Amino acid sequence: MTWLVPSLHALANPARFLKIARPLTPALFWPGVALILFGAWAGLTQTPPDYLQGETVRILYIHVPTAWLGMAGWSGIAISSLSYLIWRHPLAMTAARACAVPGAMFAALCLITGSIWGRPTWGTWWQWDGRLTSMLLLFFVYLGFIGLARADADRGGDGRIAALYGVAGSVLLPIIRYSVVWWNTLHQGQSIGLTKNTIDNSILWPLPFTLGGFTLFFAAIVLMRMRAMLATAKAEARLRRMAVEA
């Protein structure tokens, strides 16, 4: 891991970062879209209905990736915040802010698709279940980070408060992950794992395509947002110089 810190600092220069990010963005975006479309087509037309849930099971091809990226987005915020607090990486808080909006969007989609799935399966749109409640809390924590980071930037802060918030919010991730183990609630237990699955492969096989596609799509959106933030910062700095000169 000793190579990691020098590699991170090599990207500290915005021009060097943009040189990599510009071609990488479409290289992630379009394969991601293609995988999402293929996985959605396969899940809707090439898999059988579940023997218990029927056609409702098909929502897993969207619900599982949104749940994964809702949590992964905050992991990105926490890692970026730590990088800023420990190494003062100049692009770390830009990366954290770039992760926040798409992460919140996927957390919201997770809650929406979970409710749609739960209505015919559980007979209710919402239950104050451990998994559902902790994911809802994560969504609100996202909104808090977005507002805090924006307010800190507007007042000319150094980003330290937002970074501390980003690290502290990561306490929700293990709670979400193990909520179905710690509490015997309405949400079903873990059905998909690295070594064992309780879903038949005839239904499960399109999921890696949508999971990989949404992950690439998420990464592309984060790069787009970072590039936009850097462009905005550059334009604002130029306007300040022009104002001083005038």
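Modeller: A crossing is left-handed if the near helix is turned anticlockwise from the far one by less than a right angle, and right-handed if clockwise. Here the crossing of H3 and H9 is right-handed, and H4 also passes H9 in a right-handed crossing. The crossing of H3 and H4, by contrast, is left-handed. The model is predicted, with local features needing pLDDT of at least 70 and side-chain atom pairs pLDDT 80 or more, while totals for chains, interfaces and linings use all residues. Residues are numbered from 1 along each chain as its sequence is written, and side-chain values use heavy atoms, leaving out hydrogens and water.

Biologist: How many helices and strands does the chain have?

Modeller: Elements are DSSP runs numbered from the N terminus: helices are H or I with at least four residues, strands E with at least two. The chain has nine helices and zero strands. Its order from the N terminus is α-α-α-α-α-α-α-α-α.

Biologist: At what angle do H3 and H9 pack?

Modeller: Axes are lines fitted to C-alpha atoms, for helices over the stretch in contact, and angles between N-to-C directions run from 0 to 180 degrees. H3 and H9 pack at about 40°, their axes 9 Å apart. H3 is therefore oblique to H9; under 35 degrees counts as roughly parallel, over 145 as roughly antiparallel, 65 to 115 as roughly perpendicular and the rest as oblique.

Biologist: Which residues of H3 and H9 meet?

Modeller: Contact means heavy atoms within 4.5 Å. On the H3 side, Leu60, Tyr61, Trp68 and Gly73 are among them, and on the H9 side, Leu207, Phe214 and Phe218 are included. By class, this contact has 11 nonpolar, three polar and no charged residues. Ala, Val, Leu, Ile, Met, Phe, Trp, Tyr, Cys and Pro count as nonpolar, Asp, Glu, Lys and Arg as charged, and the others, Gly among them, as polar.

Biologist: Is His63 buried or exposed?

Modeller: Buried means under 20% relative accessible area, exposed over 50%, partly exposed in between, using a 1.4 Å probe and protein chains only. His63 is in helix H3, and at 12% relative accessibility His63 counts as buried. Leaving aside neighbours within four places in sequence, His63 is in contact with Cys110, Thr113, Gly114 and Trp117. Of the 246 residues of the chain, 40% count as buried.

Biologist: Which residues have the most contacts inside the largest nonpolar core?

Modeller: A nonpolar core is a set of buried Ala, Val, Leu, Ile, Met, Phe, Trp, Tyr and Cys residues joined through side-chain atoms within 4.5 Å. The largest core has 47 residues, and Phe17, Trp74, Ile77 and Phe145 have the most contacts inside it. H4 gives the most to this core, with 12 residues. Beyond four places in sequence, Trp74 is in contact with residues including Leu138, Phe145, Tyr165 and Leu173. A second, separate core of nine residues includes Leu60, Tyr61, Trp117 and Ile203.
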